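Visitor: Please take a close look at the aromatic rings in this model. Go through how they pair and what surrounds them.

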Amino acid sequence: MKPELRPPLPPFTRETAVQKVRLAEDGWNSRDPQRVALAYTPDTIWRNRDQFPRGREQVIEFLTRKWQREVEYRLIKELWAHDDHRIAVRFAYEWLDQNGQWYRSYGNENWEFDAQGLMHRRFASINDLAIAESERLFHWPQGRRPDNHPSLSELGL
């Protein structure tokens, strides 16, 4: 069986780490749990807040529940640091709950990749801040963030 490859592959340079971060952002902004799960090893290990999905099937279940609860989801990720096979990112996303309350969630993720470029470990720490609709900063149509949209740093986040 041919191994799954998910370029760019480790060892990461700054350029390839930035590419990997943007590809992850694009995947998550698709809000497609099946698509997102393919970026992870079949036996991936996660910590996301107080949940600990293991393997792609649990990741798909987790993301399905997440995006049923977090509607109007828009995410920006930014490279924080990297080494040969690890990447650290910071991120923010905005979303609307079922009661009409907007939130901006801030967080950090630590990622570890296998030689094929699949993420084996993902550890996320996230905080939610209730915001007024007038405080929203992410206004593009759902899906991929436009290339000309400001980054987290450019937004002062």
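Guide: Buried means under 20% relative accessible area, exposed over 50%, and partly exposed in between, with a 1.4 Å probe and protein chains only. Trp 140, at 4% relative accessibility, therefore counts as buried. Phe 138 is at 0%, so Phe 138 is buried as well.

The model is predicted: local features need pLDDT of at least 70, side-chain atom pairs count only at pLDDT 80 or more, and totals for chains, interfaces and linings use all residues. Residues are numbered from 1 along each chain as its sequence is written, and side-chain values use heavy atoms, with hydrogens and water left out.

Now the pairs. Rings of Phe, Tyr and Trp (its six-membered ring) pair if their centres lie within 6.5 Å; planes under 30 degrees apart are stacked, over 60 edge-to-face, the rest tilted. The structure holds 11 aromatic pairs. Trp 28 and Trp 67 are edge-to-face, because their planes stand at 80°, with ring centres 5.6 Å apart. This pair links distant parts of the chain: Trp 28 lies in helix H1 (residues 14–30) and Trp 67 in helix H3 (residues 55–69), 39 residues apart. Helices here are DSSP runs (H or I, at least four residues), numbered from the N terminus. Both Trp 28 and Trp 67 are buried. Phe 138 and Trp 140 are stacked, 5.6 Å centre to centre, with 25° between the planes.

A charge sits over a ring if NZ of Lys or CZ of Arg is within 6 Å of the ring centre and within 35 degrees of the ring normal. The charged end of Arg 122 sits over the ring of Trp 46, 4.3 Å from its centre. That of Lys 77 sits over the ring of Phe 91, 5.1 Å from its centre.

Technical notes:
Helices (H or I, at least four residues) and strands (E, at least two) are DSSP runs, numbered from the N terminus.
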